[in-house]
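Student: Hi, could you walk me through a few side chains in this one?
Tutor: Happy to, let's open it up.

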Amino acid sequence: MRPGCVLVFCMCISVFLHCAISQPPTETDTYTCAFYPQTPVYSADINECETIPEACKGEMKCFNHYGGYLCLPRSASVIPAPEPPKPIHPSLENTASEPFNPCPPGFEPQGDSCVDVDECEQDSHDCQPSQQCFNTEGSFSCQCPDGYRKVGTECIDIDECRYRYCQHRCVNVPGSFSCQCEPGFQLAGNNRSCIDVDECGMGAPCSQRCYNTYGTFLCRCEQGYELGPDGFACNDIDECSYSSYLCQYQCVNEHGKFSCVCPEGYQLLGTRLCQDINECETGAHQCSDGQTCVNIHGGHKCVNNRSCQEPYVQVSDRCTCPITKPGCRDLPYSVVHRYMSITSERSVPSDIFQIQATSVLPGAYNTFHIRSGDDNGDFYIRQINNISAMLVLARAVNGPREYVLDLEMVSVNPLVSYHTRSVLRLTIYVGPHAF
């Protein structure tokens with residue numbers, strides 16, 4: 001054996017004893033040994049772990065090294081030392097093709113000085129295609145685009161949505177992100193905050209009134225309209241269908257409102273009541289000079305001023321029948337014409353007309369009764385005292401209808417054997433309505 005081999009073998013035994021004896025091995029221990037040859041060896045190393053059968057016994061593991069091997073626990077690891085530079089044999093020539101560079105790494109000689117090498121420009125860097133190369137003094141750096149971060153040599157997308165940059169919703173995209181707002185909002189100038197949208201100023205589909213609220217809007221209707229099922233359209237309210245008491249006569253529905261109308265011969269009093277037009281006062285009648293205008297409910301009547309019939313003669317405002325005439329013996333002495341109007345469906349009993357004696361003789365006793373015109377018994381007389389009585393409506397009547405009642409007053413004075421009769425001919429017009 002050559003002296004060099006003996007030296008290596010002794011060194012291996014020394015190291016092995018140092019590693020194995022300095023600390024008793026256990027299964028949980030970890031060994032790390034480094035070997036540095038002290039003397040150049042020019043012979044080829046033999047891998048004893050492969051050539052020697054069962055080089056290490058039991059739980060020991062075989063580790064080959066230059067010029068020998070070690071038996072260490074299986075948990076041990078060996079960090080090999082860098083190989084010694086191979087000496088150039090004196091008989092061989094130096095065939096190195098690399099030019100000698102006296103400058104530090106990242107620099108190159110230029111004249112008598114060293115200048116920086118721009119690896120980015122010379123494309124001698126190892127940056128990924130997605131990265132950007134930046135030259136530095138003596139080296140270079142690889143940087144990722146905005147929105148990415150470097151992990152090892154790769155660029156990984158940054159999920160900006162994790163940092164709650166957006167007020168409402170965040171949508172991550174490769175290398176960036178975008179903010180979105182809930183309905184009723186829009187992005188502010190910073191592209192992150194959300195501000196309310198004034199839908200009313202942007203053409204909200206409200207048919208009448210629009211009220212902007214935070215994040216939405218409300219439609220409202222004018223008086224007389226109601227909001228439709230869609231929440232936008234305003235539909236007319238038919239107020240007349242809700243109640244029959246809105247108007248005294250007739251309700252007419254209109255867009256957004258209603259109005260009351262009255263029948264012919266009436267005029268609206270306020271907004272819902274009907275009032276009879278007195279054509280006799282307004283001059284809207286067609287009566288001649290020889291006639292008298294009598295106002296009735298819903299119209300008027302023109303009656304002749306001289307309506308006395310034989311054997312009666314006109315005396316002032318009444319018709320008289322002189323006792324000197326043979327035909328007047330069984331007739332009332334005087335007849336006075338009067339006219340009045342009442343409404344339909346009047347509540348009963350109802351006092352409608354008072355009879356008053358114009359002259360009373362001393363000691364005379366007066367009685368009142370309906371002489372004619374009340375065939376159905378719709379009226380009766382209630383005597384108040386000796387000189388007056390009240391005509392009472394006994395049953396409700398509907399118009400238009402006309403009654404001509406002869407209300408007779410009989411005066412009797414038994415002391416002087418005085419007996420006389422006078423008639424008030426009352427024409428009653430029943431109007432067509434209850435107003």
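**Aromatic and polar neighbours**

Tutor: Tyr-165 has 34% relative accessibility, so Tyr-165 counts as partly exposed (buried is under 20% relative accessible area, exposed over 50%, partly exposed in between, with a 1.4 Å probe and protein chains only). The model is predicted: local features need pLDDT of at least 70, side-chain atom pairs count only at pLDDT 80 or more, and totals for chains, interfaces and linings use all residues. Residues are numbered from 1 along each chain as its sequence is written, and side-chain values use heavy atoms, leaving out hydrogens and water.

Student: What sits over the ring of Tyr-165?
Tutor: The charged end of Arg-192, 4.6 Å from the ring centre. That term needs NZ of Lys or CZ of Arg within 6 Å of the ring centre and within 35 degrees of the ring normal.

Student: And which residues form an aromatic cluster?
Tutor: Tyr-163, Tyr-165 and Phe-177. Rings of Phe, Tyr and Trp (its six-membered ring) pair if their centres lie within 6.5 Å; planes under 30 degrees apart are stacked, over 60 edge-to-face, the rest tilted.

Student: Switching topic, is Asp-406 buried or exposed?
Tutor: Asp-406 is buried, because its relative accessible area is 8%.

Student: Which side chain does Asp-406 join in a polar contact?
Tutor: That of Arg-425, at 2.8 Å. A polar contact is a pair of N or O atoms within 3.5 Å; within protein, one must be able to donate a hydrogen and the other to accept it, and residues adjacent in sequence count only if both atoms are side-chain atoms.

Student: What about Gln-167, which backbone nitrogen does its side chain reach?
Tutor: The one of Cys-194, at 2.6 Å.
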